[in-house]
Amino acid sequence: MGGLEIKKIGMLGIGSMGGAMTMLFAEAGYDVYFFDPSPANMDQLEKACRDINLLDTKVYRTGSYDELCSKLDDTKVFVFSTPHGGPADKCVESLEPHLNKGDIIIDCGNEHWQNTERRQRDLDPKGIHYVGCGVSGGYQSARAGPSMSPGGTAEALENVMPFLRSVAAKDAQGRPCTNPVGPGGSGHYVKMVHNGIEQGMMSVIAEVWLLLTQGLGVGDDEVSNIFKSWNDNGPLRDTFLVAIGVGIERAKYEDGERVVSQIRDKVVQDVDEEEGTGIWTCEEAVARHVPAASILSAHLFRCASADLARRTKNRKSAGSSKITPQKLNASSQEEFVEALHSATYFCFLACFAQGLDLIRQRDKDKDWKLDYRKIMQLWRGGCIIRADHITDLLDKMYARADHDPDDLLGNEEIETELSGSFQATKKVVLKAIEADLFVPSISQTLEYYKYETSTHLPTQFMEAQLDYFGMHMFERKDDPMRGVEKGEHHYEWKPAKGKLDE
């Protein structure tokens, strides 16, 4: 196997993710030279490395871009872990005077894929390789080994893959959770959609948590045990977001108070633009005409949650019409918990289907020629959306020669699983709505499945309205079956008339 023999790494951006990766790389045998414009970040990493005897043995602090570059090998290799947009541009600009043909930048930040391709267009003519590499798993995985999704030229990927394989997470069989994704910004694109799937799944499990705790009145220890049983066996086995629910429910302060009970119900990560991948996934879904209802609903729910002051004001304005969630009317707690289990799986699988349909649309537009079984390997360990049963199911589908890559719901493996969990999910939604409990992502996933598998939608009335006022044309039911092509019929519902037509 080819690749560049990398011994030294220049690390730029050492916040929680970059600092953790610095120590990971050093433990894997690389000499890491780091620089960050923030003295506080530099001091924090220096202390952390000193505490485990890495400082000045494998990890070295530098005081400038110039000094960092002077410490590296003739073929310089840099890893970015910087905020998206301007900060990464600043790093490239500051490095450019020191860059030579063959040098490599591996951008491990959550960068917009189009920014990645812009920098590749700028640097490729100079022979400088820019690899957009999505990194997943949070700061814990950045320290122990993350999922890594690199995209760039074939030459650049060949050079960096031995290094990435040496530091990436390993799955249960010991295989690295990294693969060359494809050209251009495909690596960052796949990571972006990973984060969109993640948002959908996070909302679903949070809604399930509410139904268990507030709806059924189940105690924290019992909820923890339920999540553990789901993670141990069945269709949610080895699912990261279920697994961490066990620890979240059990965590207590020293005084015995549950940590989760004291956390305010607001997610600001998207609204304050600290993180852009969820926003970009939603924008892409709308722009590429992919009905990613679970993902979009989850994102909007997060946005609504962010401004608690606004919600408080709105609640006061509601007066006697205030919504007050009630206990669930469930005749059997055990049966309803099992329905929740099925509904969670239904929604998680739908999130994957929506995200992969979105990747496929952009893949076709850009002619990336992605290998989806290799993408499945990225998600088998070290990442937030790890869900072993679902990944196995999807891998089996992609391995089938006659699978439909453009519409995952059109494949029997997916349809069988979703149809089998539909009634349980419907039961959960109906009971939750009756009790005024919050299920935006679960309910939208149910609706998504209904309209994606139906041939009698009320959009026929919508099409009539569009033709009425806009002459947008329509298809008749006796026309030949077609795809998204525009219809050829118009009905003059009401002739357009002006004064002279009277």
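Begin by selecting Thr-116, which touches Glu-111, Tyr-130, Gly-132, Gly-184, Gly-185 and His-188, leaving aside residues up to four places away in sequence; contact means heavy atoms within 4.5 Å. The model is a predicted one, in which local features need pLDDT of at least 70 and side-chain atom pairs count only at pLDDT 80 or more, while totals for chains, interfaces and linings use all residues. Residues are numbered from 1 along each chain as its sequence is written, and side-chain values use heavy atoms, with hydrogens and water left out.

Thr-116 belongs to helix α5 (residues 113-123); helices (H or I, at least four residues) and strands (E, at least two) are DSSP runs, numbered from the N terminus. Because its relative accessibility is 0%, Thr-116 counts as buried (under 20% relative accessible area, with a 1.4 Å probe and protein chains only).

Next, select strand β6 (residues 129-136), which pairs with β7 in the antiparallel sense over five bridges; pairing requires that DSSP finds at least two bridges between two strands. Gly-134 has Ser-149 of β7 as its bridge partner.

Which residues of β7 cover each face? Ser-147, Ser-149 and Gly-151 lie on one side and Met-148 and Pro-150 on the other, all buried.

Finally, display helices α8 (residues 186-215) and α14 (residues 333-366), whose axes come within 9 Å and cross at roughly 165°. Axes are lines fitted to C-alpha atoms, for helices over the stretch in contact, and angles run from 0 to 180 degrees between N-to-C directions. The two helices α8 and α14 are therefore roughly antiparallel (angles over 145 degrees).

Technical notes: Angles under 35 degrees count as roughly parallel, over 145 as roughly antiparallel, 65 to 115 as roughly perpendicular and the rest as oblique. Buried means under 20% relative accessible area, exposed over 50%, partly exposed in between (1.4 Å probe, protein chains only).
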